[in-house]
Amino acid sequence: MTDRQKLVATATLLAAIVGTTQADVYTAVLDTGNITAGATWSNLTAPVAGDTNVWATTIDVRAADNDVFYGQTLRIDAGGIFRPLAGASSNPNDVTVRNVVLDGGLLDGRANQTKSIHLGGNTLTLNSGTIQCGDAGNKHLFVQEGHLAGSGTIAVIGDGANTGSAVNLTQMTSISDFGGIFDVKNYGRLNLMAVAEGDANFGMVVSGTGRYQNSRNVAFTSLVLNGVTIDEGTYTYAQLGTFSLTAQAVVVNGGGTITVIPEPAALGLIGVATVALLGARRILM
């Protein structure tokens, strides 16, 4: 086989590999359509078990109680909304999906009753966009049974004068792979699972009518509460009040602690600076 034939054979093999692994992207074309209905999507076919494709929306798509979406990835692009609807009874609305990517759109939990999005061990990737809870105590949004990833700034908002509903990431498998910022404001309320100091990877800003539900021991790499930058350290609700009553005003006491640690990158720079300083000292000696 000549070198040219080898090159062509290699290119053909690579093309075949790419062709078998590259996901197709189907877009939502029916506004307010259900994500499990074929008519909602550009290929007019709903995903089935074993799907490997990306299903992207720039419009309002919805899911009913107990719906199961088999698409490999549901991507919510700018202008897009994923809205789990209220169930037919007082029970929570449970929707099962696989991977979800928030890429500029809105994950909307305002519908009546608590909504639970089950990831089944998959991943919610937060690149940019907004997560919204409702305006009353029975309009929580839970995302659970999966991993959090991404590195964007994510707005967490409510709907009017929120009286207790929250965006709950309390039943996730892990959230420490998320390296971005939660920006909690406009009647939004955020409730997080416990995060150990060694797993801290994200920051949070809470302002105005936004609230942080301090129910577990959570470590952050940066924290700004009502315009007050919180210094490195661990704080109970009472200790936070001693540090700043202004900061304490946007925290709902649930018995947890808040810990602020330097970002991993900052720790690395400190280590480099220390090594450099020791080296310079040896030279002077």
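**Surface, sheet and core**

Modeller: The chain has an accessible surface of about 13,100 Å², and carbon and sulfur atoms account for 56% of that area. The model is a predicted one. Its secondary structure amounts to four helices and 24 strands.

The sheet in question is open and has three strands, in the order 19-24-22, with mixed pairing. Strand 19 (218-220) and strand 22 (233-235) are the edge strands; each has a single partner strand, so one side of each lacks a neighbour in the sheet. From one strand to the next, the twist averages 20°.

Strand 22 and strand 24 (residues 258-260) run antiparallel and are joined by three bridges. Gly-233 has Val-260 in strand 24 as its bridge partner.

As for the whole chain, 45% of its 285 residues are buried. Of the contacts between residues at least 6 apart in sequence, 62% link residues at least 24 apart.

The largest nonpolar core contains 55 residues, and Phe-82, Phe-182 and Leu-192 are those with the most contacts inside it. Leaving aside residues up to four places away in sequence, Phe-182 touches Leu-126, Leu-148, Ile-154, Val-156 and Leu-169, among others. Its contacts also include Leu-190 and Leu-192, together with Phe-202, Gly-203, Met-204 and Val-205.

Technical notes
Residues numbered from 1 in each chain as written. Predicted model: local features only at pLDDT ≥ 70, side-chain atom pairs only at ≥ 80, totals over all residues. Heavy atoms only, no water. Pairing = 2+ DSSP bridges. Helix = DSSP H or I, 4+ residues; strand = E, 2+ residues; numbered from the N terminus. Axes fitted to C-alpha atoms, helices over the stretch in contact; angles between N-to-C directions. Buried < 20%, exposed > 50% of the residue type's maximum accessible area, 1.4 Å probe, protein only. Contact = heavy atoms within 4.5 Å. Areas by Shrake-Rupley, 256 points an atom, 1.4 Å probe, with all protein chains shown as cover. Core = buried A, V, L, I, M, F, W, Y, C linked by side-chain atoms within 4.5 Å.
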